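Thanks for coming. I will take one structure and go through its helix packing, its core and a few backbone details.

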Amino acid sequence: MRPECITLVAPQGQIAMKQQTKVESFVHVLLSWARNNTRDFPWRKIGDPYKIVIAEIMLQRTKAEQVAPVYERFVEKYPNPEALSKASVAELRGEILSLGLEKRAQGLKKLAEQLVEQHGSKIPSNRRELMKLHWVGNYIANAILCHAFGLDTPTVDANFARLLVRVFSLRPKLPAQKDKNIWAFAQNLMPLVKGRARELNLAILDLSTKICTRQKPSCGTCPLNSICDYTSDHEGERPPERPRIRHS
Ligand code: SF4
């Protein structure tokens with residue numbers, strides 16, 4: 001092998017170390033950015049797991065700004081699972097009509113009844129029980145564990161996944177937010193946050209919503225610009241909606 005060829009290949013250890021440094025920078029930058037830039041929503045001020053699950057169900061496929069006034073009225077009228085379980089589906093449908101996804105009304109009632117009947121009107125605090133709840137999947141379970149019970153768990157939705165894919169050139173199966181490798185990557189960030197997963201999750205959510213948007217990321221003003229693989233060369237261009245390379 002010619003000597004010049006050898007210099008082109010970085011040892012595996014160096015690559016791993018470089019990646020680890022980048023992951024640490026990613027977490028550090030986002031936690032700093034979170035101090036002054038995360039958004040203020042009513043469900044972010046409380047640690048009540050019932051209210052968090054209500055907010056998360058309303059936020060599915062719906063903009064936070066649209067959810068805020070509906071959420072505030074809703075939790076005032078139905079402040080706990082008991083009150084919610086007594087409402088009719090028609091009544092609930094009327095309350096959340098402006099959010100669309102009508103089947104949410106039935107889902108909310110079923111969830112409330114399950115909580116009353118099986119959990120004494122309380123939201124369970126362990127993943128296994130959470131995952132048995134109606135309408136609760138991986139994302140909502142992690143959101144409850146993180147935002148209500150203070151655990152260091154990632155909340156990977158489409159926005160979160162997009163940010164990881166761009167910054168670290170990941171190649172997920174689609175949809176990326178359901179790819180177990182993306183979840184594993186996000187989980188590996190958790191030991192670095194040391195009890196600040198909530199801040200990191202909110203920072204990722206807000207940065208990906210405000211700056212690293214799906215169609216036109218503002219790389220020029222992004223705090224992750226210097227470590228992001230999706231370089232500022234792409235600013236102003238429409239990024240590919242779907243990564244082209246998949247796992248085999
Ligand atoms: S530099 Fe651009 S692509 Fe990278 S995270 Fe920031 S906005 Fe997204």
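Are α10 and α11 roughly parallel or roughly perpendicular to each other? Before I answer, two notes on the source. This is a predicted model, where local features need pLDDT of at least 70 and side-chain atom pairs count only at pLDDT 80 or more, while totals for chains, interfaces and linings use all residues. Residues are numbered from 1 along each chain as its sequence is written.

Now the pair. Helices here are DSSP runs of H or I with at least four residues, and strands are runs of E with at least two, numbered from the N terminus. The axes of α10, residues 158-168, and α11, residues 180-193, come within 11 Å and cross at roughly 80 degrees. Axes are lines fitted to C-alpha atoms, for helices over the stretch in contact, and angles run from 0 to 180 degrees between N-to-C directions. α10 and α11 are therefore roughly perpendicular to each other. On that scale, under 35 degrees is roughly parallel, over 145 roughly antiparallel, 65 to 115 roughly perpendicular and the rest oblique.

From α10, F160, A161 and L164 meet I182, F185 and A186 of α11; contact means C-beta atoms, placed from the backbone, within 7 Å. By class, that contact has six nonpolar, no polar and no charged residues. Nonpolar covers Ala, Val, Leu, Ile, Met, Phe, Trp, Tyr, Cys and Pro; charged covers Asp, Glu, Lys and Arg; the others, Gly among them, are polar.

Next, α10 with α12, residues 197-210: their axes come within 8 Å and cross at roughly 80 degrees. N159, F160, R162 and L163 of α10 make the contact with I204, L205, L207, S208 and T209 of α12. The classes here are five nonpolar, three polar and one charged.

The loops around α11 have two points to check. In the loop between α10 and α11 sits P175, and the peptide bond from L174 to P175 is cis, with omega near -5 degrees. In the loop between α11 and α12 we find K194, whose phi is positive, near 45 degrees, though the residue is not glycine. K194 has 10 C-beta neighbours inside 10 Å and so counts as exposed. The cut-offs, with C-beta atoms placed from the backbone, are 20 or more other C-beta atoms within 10 Å for buried, 12 or fewer for exposed, and partly exposed in between.

Now the core. The largest nonpolar core has 60 residues, and V53, I54, M58, Y71, I144 and L164 have the most contacts inside it. Such a core is a set of buried Ala, Val, Leu, Ile, Met, Phe, Trp, Tyr and Cys residues joined through C-beta atoms within 7 Å. Helix α3, residues 49-59, gives the most to this core, with eight residues. Domain 1 (3-37 + 153-234) and domain 2 (42-147) both contribute, so the core lies between them; the bounds come from an automatic or database domain assignment.

Leaving out residues up to four places away in sequence, M58 touches V67, V70, Y71, I96 and L99. F74 is in helix α4, residues 64-77, and its C-alpha is 7.0 Å from that of E95, 21 residues apart in sequence.

Last, α9. Nine of its ten residues are buried, so α9 is largely enclosed by the rest of the structure. Those buried residues pack against α3, α8 and α12.

Conventions. Contact = placed C-beta atoms within 7 Å.
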